[in-house]
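Please load the model and follow along.

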Amino acid sequence: MQTTTTTNNTGRRDFLKWSAFTAGGLILGFKWADAEGQTASVFSAAMAEADVAINNYLTIGTNGIVTIFSPNPELGQNIMTSFPMIVAEELDADWNQVKVVQAPFDGKRFDRQLTGGSGAVPHSWPLLRKAGATARFMLIAAAAQRWGVPASECTAEAGFVLHKASGKKAGFGELAEDAAKIPVPANVTLKDRKDFKLIGTKVKNVANKEILTGKPLYGLDFYREGMLYAMIQRPPAFGTKVKSFDAAAAKALPGIVDVVQVKNGVAVVGKSTWQVMKAKKALKITYENSGNIESTADHDRIFADLLNNGKATVRRKDGDVDTAFKDAAKVIKAEYQCPFIPHNPLEPMNFFAHVKEDSVELIGPCQIPGSARTAVSKMLNIPEEKITLELTRLGGGFGRRLYNDYVVEAAEVSSLLKAPVKVIWSREDDMMGGIYRPAVRYRFEAALDAGGNMIGYRLRGAGINSGNPTRENNFPSGAVDNLLIESVEHQSPITTGAWRAPITNFLAYAEQSFIDEVAHAAGKDPVQFRLDLFEKVKAKPVGRTDYNINRMIDVTKRVAERSGWGKKKGVIQGFSVYFSHRSYVAQVAEVVMEKGKPTVKKIYAVADCGQVINLGGAQQQVMGAIVDGMGHALFGKLSFKEGVAEQNNFHNYRLIRMREIPEVDLFFVENEFDPTGLGEPALPPTGGAIANAIFKATGKRLYQQPFIDSEVFGGSGKKTF
């Protein structure tokens with residue numbers, strides 16, 4: 001694999017400029033708007049000088065090496081492998097002759113150059129295919145001209161163009177310069193999916209060797225000769241700000257260059273991370289209240305008031321809900337609550353900034369480089385075109401690096417010191433400084449008729465800085481004649497944001513647990529109860545639905561069959577199915593009782609994400625999401641006392657352990673749908689499947705996370721509501 005790094009005499013990594021990737025051969029630039037290419041001179045001094053706005057580069061060297069530039073940030077979701085696979089498939093390149101390069105951020109050249117919402121592949125799929133197919137067309141046309149034969153008689157295969165009738169054969173490298181002179185076609189023919197050779201197979205991560213051998217790839221690895229290190233002491237309590245500080249003791253320590261106040265705290269700047277960490281502890285800071293100071297106990301009272309008295313926003317209303325509940329033979333009610341939780345990516349927040357007189361250089365890991373550059377532009381009042389941003393590999397994100405606070409901090413400190421600075425957060429900074437998954441409480445109500453059919457459904461969601469904590473067009477919407485979904489929100493000084501599978505990461509658990517409870521109240525099998533509702537949607541949905549009911553039915557039936565639903569002895573099973581990020585995942589969790597406590601032994605999962613690009617990477621994403629969903633449902637909890645997070649590192653914030661990870665049986669549905677989201681959809685249904693299995697094993701419903709606090713795991717069992 002080719003990377004965007006070189007080594008200086010310190011043995012550490014610095015970044016090459018984008019213009020360094022210029023070699024003899026064919027250079028194609030593709031606009032995301034139409035994926036049409038434009039050739040550039042093979043002797044161009046720099047690709048950055050191409051006379052078109054481009055979003056994806058494909059170069060073919062005269063040595064036959066195909067270099068594919070991957071524009072989206074790579075944070076472990078394997079996008080840097082799957083994107084090039086799509087281009088290489090349509091190009092008919094030899095994967096062994098493909099090099100992959102992380103493209104720098106360029107808002108004019110790239111469209112949706114971000115990682116978030118499981119949307120990268122769904123968005124770019126048709127455009128990447130056309131990019132590869134366009135290059136293939138031009139190579140074939142060049143070969144046909146050289147041989148004096150019709151292009152229709154030529155084919156491409158494994159890095160060569162073939163004319164089978166004459167036995168002639170030419171490598172992509174031989175044809176590159178001639179291909180550059182071929183007019184770019186407006187339209188090209190894409191492959192039939194049955195002819196895919198690369199897509200759908202297992203392909204190793206292109207960065208495996210670099211990762212396993214410890215080659216510098218991540219933001220924390222980045223080093224620039226002469227740069228300074230900075231750490232920031234932020235107010236420990238949300239709702240407070242710095243009033244005054246004494247930096248004398250900190251400045252007296254070795255290696256410390258300066259201590260300056262920034263917008264969100266006090267920055268200690270020095271020559272090494274260790275020196276700065278020590279000096280940070282020597283700061284003496286006085287804080288003052290700048291807003292409300294909230295504790296977890298306050299949130300519990302706030303939730304109760306919001307659900308009972310809050311002025312709600314109606315998100316959806318179908319039929320006559322009041323009459324349905326008035327006439328019901330049985331009404332089931334339940335409330336579910338989740339706490340705040342941090343993202344905890346393995347690599348804490350960090351970023352490098354060098355603010356100069358007339359420009360800014362930014363380097364580091366972020367999920368939305370465009371918004372990061374915009375935020376720095378506004379803070380410094382410097383035009384965006386004078387700010388460059390180069391992407392490193394991200395050591396995890398899960399939504400945390402969608403936000404730009406740490407990038408802006410680096411630029412602010414650099415501007416104050418007038419020097420290149422790298423800001424680094426400690427794990428304590430990461431966990432105590434936000435941004436968190438919002439705490440939410442849901443109140444569900446279901447009305448059943450005498451036959452056990454659900455004739456009414458009400459949901460009110462109350463969130464803290466959550467926006468709309470519902471998904472009003474997801475199931476069971478469309479399946480119930482009389483339905484009301486509302487939301488109400490509390491504004492808090494505690495900073496919150498997107499956390500892997502935003503909103504649905506908890507809503508799915510609560511919703512699927514409640515539907516399970518309703519099925520039991522109706523005296524029906526939980527899977528069949530859902531299938532009956534699905535069939536009603538299939539026959540005639542009530543209002544709008546965002547999900548494809550046939551795909552929902554398919555994954556449900558498949559996972560029930562694979563898991564032997566209801567037919568096994570010695571294990572207790574729980575079911576859950578959910579639609580999110582355009583994909584469908586059904587799960588069955590198997591639980592056994594060990595020493596009086598439930599233990600998750602196996603999870604069956606069936607996923608419909610349309611066309612799978614890289615089977616190996618897809619398996620890793622789904623299994624990782626299941627483990628993440630299980631771990632946080634069981635253990636994830638961040639509580640507050642007078643505005644301060646009570647958990648600040650892994651000694652008091654529990655994560656799932658290797659020995660607790662269950663066996664996962666995973667199956668991908670093959671169909672003709674284009675790729676849909678994959679990084680997040682397997683997480684939402686996991687908590688519900690486990691909770692429903694635990695209920696069958698113990699007879700106790702789990703109404704709040706983390707499960708470890710419940711009495712079935714030896715906790716107090718005390719509900720906060």
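## The second largest cavity

The second largest cavity holds about 70 Å³ of space. On a 1 Å grid over the protein atoms alone, a cavity is a set of points where a 1.4 Å probe fits but cannot get out. Points are joined across faces, edges and corners, and volume is the space filled by probe spheres set on them. The structure has five cavities of 30 Å³ or more. The model is predicted: local features need pLDDT of at least 70, side-chain atom pairs count only at pLDDT 80 or more, and totals for chains, interfaces and linings use all residues. Residues are numbered from 1 along each chain as its sequence is written, and side-chain values use heavy atoms, without hydrogens and water.

The cavity lining (residues with an atom within 4 Å of a point) includes Arg-437, Trp-499, Tyr-509, His-632 and Gln-705. It divides into four nonpolar, five polar and one charged residue. Here Ala, Val, Leu, Ile, Met, Phe, Trp, Tyr, Cys and Pro count as nonpolar, Asp, Glu, Lys and Arg as charged, and the others, Gly among them, as polar. Helices α12 (504-521) and α15 (615-635) each supply at least two lining residues. α15 gives the most, with three. Elements are DSSP runs numbered from the N terminus: helices are H or I with at least four residues, strands E with at least two.

## Helix α12

The 18 residues of α12 should span 26 Å at 1.5 Å a residue; the end C-alpha atoms are 25 Å apart, which agrees. The expected span is 1.5 Å times one less than the number of residues. α12 is mostly covered, with 16 of its 18 residues buried. Buried means under 20% relative accessible area, exposed over 50%, and partly exposed in between (1.4 Å probe, protein chains only). Just after α12, Gly-523 has a positive phi of about 75°.

## The second largest pocket

The second largest pocket has a volume of about 910 Å³. A pocket is an open set with protein on both sides within 12 Å along at least five of seven lines. Of its 36 lining residues, Arg-234, Pro-235, Asn-264, Glu-409 and Gly-433 are the closest to the centre. By class, the lining has 15 nonpolar, 11 polar and 10 charged residues. α10 gives the most to this lining, with four residues.

## Helix α7

Which residues of α7 are buried? They are His-299, Asp-300, Phe-303, Leu-306 and Leu-307. These cover an arc of only 130° around the axis, which puts them on the same side of α7. The arc is that of the directions from the helix axis to the C-beta atoms. On the other side, Arg-301 and Asn-309 are exposed. The buried residues of α7 pack against β17 (330-338), β22 (440-448), β23 (454-464) and β24 (482-490), where contact means heavy atoms within 4.5 Å.

Two cis peptide bonds deserve a look. One runs from Gly-434 to Ile-435, with omega near 5°. Ile-435 sits in the loop between α11 and β22. The other runs from Gln-705 to Pro-706, with omega near 0°. Pro-706 lies in the segment after α16 (684-698).

Ala-158 has phi near 50°, in the loop between β8 (155-157) and β9 (160-163). Ala-158 is partly exposed, at 38% relative accessible area. Asn-465 has a positive phi of about 55° and is found in the loop between β23 and β24. Asn-465 is buried, at 17%.
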